[in-house]
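User: Please take a close look at how the chains of this assembly meet. I would like one connected account, with the cut-offs behind each term.

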Protein chains: 4
Amino acid sequence: MKITFIQTGGTIDKDYPKITGGWAFEIDKPAVERILEKLDPSFSFEILSAFKKDSLMIEDGDRIQLLKMIEELENQKIIVTHGTDTMIETANYLSTIANKTIILTGAMKPERFYNSDASINLGVAVGAINVLSPGVYVAMHGVVKKHNEIKRDLESGKYF
Amino acid sequence: MKITFIQTGGTIDKDYPKITGGWAFEIDKPAVERILEKLDPSFSFEILSAFKKDSLMIEDGDRIQLLKMIEELENQKIIVTHGTDTMIETANYLSTIANKTIILTGAMKPERFYNSDASINLGVAVGAINVLSPGVYVAMHGVVKKHNEIKRDLESGKYF
Amino acid sequence: MKITFIQTGGTIDKDYPKITGGWAFEIDKPAVERILEKLDPSFSFEILSAFKKDSLMIEDGDRIQLLKMIEELENQKIIVTHGTDTMIETANYLSTIANKTIILTGAMKPERFYNSDASINLGVAVGAINVLSPGVYVAMHGVVKKHNEIKRDLESGKYF
Amino acid sequence: MKITFIQTGGTIDKDYPKITGGWAFEIDKPAVERILEKLDPSFSFEILSAFKKDSLMIEDGDRIQLLKMIEELENQKIIVTHGTDTMIETANYLSTIANKTIILTGAMKPERFYNSDASINLGVAVGAINVLSPGVYVAMHGVVKKHNEIKRDLESGKYF
């Protein structure tokens, strides 16, 4: 089994800025690198970066770029890390892709936080991609559902 | 979806002893509690404890007890946290159980360690149990396989 | 020995916002609470909050409030957690206070980060306050110096 | 300021064994390395290893070796990381050394644990060594006292 991980930014990758005087986060290296180092996986993998954006900033052009990037991949198992605010929009956008299993996941707290959900969420996506047939899915809060079946409680932010 | 988590002990649950003068670990509360607190899951769950043993210490009587515990459960989705040294033996032992999806997982480093694989391993089991049909499986090092298909490299300790 | 810890905000206390759609941090409970829980200290202590501000936002009125708060304390050993960008300004401002040992400290990364310097910085301040005579000091990057002797490299952000 | 850190083993350095089938901890690289990486100190330092033992295993020969190692150092500020069970015995043993400031510290939980006191304890020792005049001290649970003034509650394990 080989998994292709694609970074698009979002909370999971938010880190503290190196410059002084800053207030907001910055997005740097994919958190996936640090999580897979802990896992020491038996599957082979590659980590690609599509873009590094808060998901509210993602535009149509970004989604076209991501779609093309995935279509051109030979590998069929793809996990996309993504900001939580427009994860379903991007999942729907990718749903035209055939013959690939694509799972979008992310985190409510940055992977850099010791109380983050990032490691377990990525684990959920990895566990599901071992088994799932082609399609586009979202994995958040421990549930894995098709892009057109997952829902979000906008008040709590929880997917179900 | 409801998941029943069952503690049997093993590395994942090893904690530092409270008493002075100690050298070995002790096994206390299930690490699953602390991991699910970070996940904030959308599925319902219960956490049970069968026993608290290093997996080299598990005897036939323990496995009988675990088997009966699972058979008596109404719920059909069960994740068993287990020591890594005899995980496959226990999985094989449980393979007579029909109509339930049972996944065994654990960790190479205790969940208390900041560089532990526990959170991601449990995530892998949770992701797989969303999808898998009944049977007994092992989820370690990012792969999920049937109890009679998973193998272990005895030198590195890695499952594949 | 009794230590009074006073929160003023800053990087050390920055946490991830609970609301959806956010990009910036928010400042909530004092990180000192979580650090002291790990330390399990033999000294007695109290934790007060003066205000919760990024240190670039601290105004004269805030510093007057902090000064009065410290002057009215009976206790003579005070550790102030503070943002790193105006720590020296506040230390200089407090230098009129007599007969109290006051140490300002903070962090380059939020305490919530697993790679944070918060715990060790607070430790440095606690270790120094065991020993120091009255005066106003800054404890950062492992050095403890009088308010008018500490300096900061503005490029790297390091105190020395 | 230059600080010489000397590893002797103990809980602070306990790590999980790499081999399969193990139950007890092993002592490997000094935890000080990982803690100082987070601190990014402004002082210069060196990290030496005297031996790697649980402190109940330390014998007279080990203490002689440590004593000689410290006496031969040019540097005058020394922090010794040590197991908690015989920390006071070793501190008393070193008290014949003149003209050096020596602080012994350690941890109740291994530095590898996310809820460890290791980082803050080392910080306490670093903060105190900025200020203290020559002598032998113990820094644990947030208090720093001379080797012949520190006491331990044998039931809770707490120093005071």
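Analyst: **Where the chains meet**

Between chain A and chain C, the count comes to 10 residue pairs in polar contact, both residues at pLDDT 80 or more (a pair of N or O atoms within 3.5 Å; within protein, one must be able to donate a hydrogen and the other to accept it, and residues adjacent in sequence count only if both atoms are side-chain atoms). On the side of chain A that touches chain C, the residues divide into 11 nonpolar, 6 polar and 9 charged (Ala, Val, Leu, Ile, Met, Phe, Trp, Tyr, Cys and Pro are nonpolar, Asp, Glu, Lys and Arg charged, and the others, Gly among them, polar).

A word on the basis: this is a predicted model, in which local features need pLDDT of at least 70 and side-chain atom pairs count only at pLDDT 80 or more, while totals for chains, interfaces and linings use all residues. Residues are numbered from 1 along each chain as its sequence is written, chains are lettered from A and ligands numbered from 1 in the order in which they are written, and side-chain values use heavy atoms, leaving out hydrogens and water.

Back to chains A and C: 26 residues of chain A are in contact with 26 residues of chain C (heavy atoms within 4.5 Å). Together the two chains bury about 2400 Å², with 59% of it on carbon and sulfur atoms (accessible area, 1.4 Å probe, lost on being put together and summed over both). The count of salt bridges here is 0 (a side-chain nitrogen of Lys or Arg within 4 Å of a carboxyl oxygen of Asp or Glu). Chain A superposes on chain C by a rotation of 180 degrees with 0.0 Å of shift along the axis, at RMSD 0.0 Å (least squares on the C-alpha atoms of residues with pLDDT of at least 70 in both). Since 100% of the interface residues of chain A are also interface residues in chain C, the copies meet through the same surface.

Now to chains B and A, where 31 residues of chain B are in contact with 31 residues of chain A. The area buried there is about 2300 Å², and carbon and sulfur atoms give 65% of it. This interface has 2 salt bridges; one of them joins Asp40(B) to Lys158(A), with the closest N and O atoms 3.1 Å apart. Its polar contacts number 14 residue pairs, both residues at pLDDT 80 or more. Helix H1 (31-39), helix H4 (118-129) and strand E8 (143-146) of chain B each supply at least two residues of the side that touches chain A (helices, H or I, of at least four residues and strands, E, of at least two are DSSP runs numbered from the N terminus). H4(B) gives the most to that side, with 9 residues. By class, the residues on this side of chain B divide into 17 nonpolar, 10 polar and 4 charged.

Chain B superposes on chain A by a rotation of 180 degrees with 0.0 Å of shift along its axis, at RMSD 0.0 Å. The two copies are thus related as by a two-fold rotation axis. The same surface serves both, as 100% of the contact residues of chain B recur in chain A.

Some pairs of chains do not touch. No contact joins chain B and chain C, whose closest C-alpha atoms lie 8 Å apart, and none joins chain A and chain D, with their closest C-alpha atoms 8 Å apart.
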